[in-house]
Amino acid sequence: MQKKNVINLIMFLGIAFLLWYGIFVLKGKDYYYISLGIILIGLIGFLLSFEKSRPTVALLTIIAALCAVSIASRIAFFFLPQVKPIAAVVIITSVAFGAESGFITGAVSAFVSNFYFGQNPSTPFQMFALGMVGFVAGVLFRKRGSRLAVALYGLFSVVIIYGGIVDINTLFFISQEPTVEIVAGVYLKGFPFNLMFGASTFAFLFLLYHPILNRLERIQKKYRLIDK
């Protein structure tokens, strides 16, 4: 197993432990600490993923700028609760700069934007879910997929990955011993909202994928920022 894969596995196990600890030990309290822990683990994984070199200041600046764009895009559409470009920005970032960049962009964007929408016990789950949407995109589209393929990924990843992870928080706060009926009820109730978010992500990716990615790849080639 490659060093990078080992680092990613340890990172995800650490985050999974934090989420478990937040549910079963802290009972949803002190979720700020869990959120900061996820960011810290994500940053460590991001930095360690550079096996032969350290990330340049230019790359870190661009990732920070993309986090800001992602955060602003979520806030700008506050009047349409499930229509947000945030996942689309995270996915494009991951395609351009790699899976680890997508994960940290997703996690930070969810955390910071929730200072506007309201921090709550679901924040760590939103961070991990959005980070995973970005990470998987970076793994699947290392060589840049077509616009339609990436847009379809955006639809299904938001419904399955994002919705599946975030709804775990709802599930365990309803019942510490969930039954099949409770699980089905939680996921069926959340499905229309996840589907709407997924459909809007598809639309934003279909419209913005080429314009944004082309600019990011020109920057990447000009400054030789990262070798995915």
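Predicted model: local features only at pLDDT ≥ 70, side-chain atom pairs only at ≥ 80, totals over all residues.

Biologist: Which residue forms a salt bridge with glutamate 217?

Modeller: Side chains of opposite charge can pair when their charged atoms come close. A salt bridge needs the nitrogen and the oxygen within 4 Å. For glutamate 217, the closest N and O atoms of the pair are 2.7 Å apart, and the partner is arginine 144.

Biologist: How many residues apart in sequence are the parts that this pair ties together?

Modeller: Glutamate 217 sits in helix 8 (residues 180-223). Arginine 144 is in the loop between helix 6 (123-140) and helix 7 (147-174). So the pair ties together parts whose separation in sequence is 73 residues.

Biologist: Is glutamate 217 buried or exposed?

Modeller: Buried means under 20% relative accessible area. Glutamate 217 comes out at 18%, so it counts as buried. To come back to glutamate 217, the word is buried.

Biologist: Now lysine 84. What is the nearest side chain of opposite charge?

Modeller: Lysine 84 lies in the loop between helix 3 (57-76) and helix 4 (86-97). It's buried yet has no salt bridge. A salt bridge would need atoms within 4 Å, but here the nearest side chain of opposite charge is 16 Å away: aspartate 167.

Biologist: Which residue's backbone oxygen lies 2.5 Å from a polar atom of the lysine 84 side chain?

Modeller: Look at the contacts of lysine 84 beyond its neighbours within four places in sequence; they include Arg74, Phe117, Ser200 and Phe77. The backbone oxygen at that 2.5 Å distance belongs to phenylalanine 77.

Biologist: Which helix gives the largest share of the lining of the largest cavity?

Modeller: The count of cavities of 30 Å³ or more is one, and the largest cavity has a volume of about 70 Å³. Helix 1 (3-24), helix 2 (31-48), helix 6 and helix 7 each supply at least two lining residues. The largest share is three residues, and they come from helix 1.

Biologist: Last one: how far apart in space are phenylalanine 206 and tyrosine 116, C-alpha to C-alpha?

Modeller: Phenylalanine 206 is in helix 8 and touches Arg147, Leu148 and Ala151, leaving out residues up to four places away in sequence. Phenylalanine 206 and tyrosine 116 are 90 residues apart in sequence, and their distance in space is 27 Å.

Key. Residues numbered from 1 in each chain as written. Heavy atoms only, no water. Helix = DSSP H or I, 4+ residues; strand = E, 2+ residues; numbered from the N terminus. Buried < 20%, exposed > 50% of the residue type's maximum accessible area, 1.4 Å probe, protein only. Lys, Arg positive; Asp, Glu negative; His and termini not counted. Polar contact = N/O pair within 3.5 Å; in protein donor to acceptor, adjacent residues only side chain to side chain. Contact = heavy atoms within 4.5 Å. 1 Å grid on protein atoms, 1.4 Å probe; cavity = no way out; pocket = protein on both sides within 12 Å on 5 of 7 lines; lining within 4 Å. Points joined across faces, edges and corners; volume = space filled by probe spheres on them.
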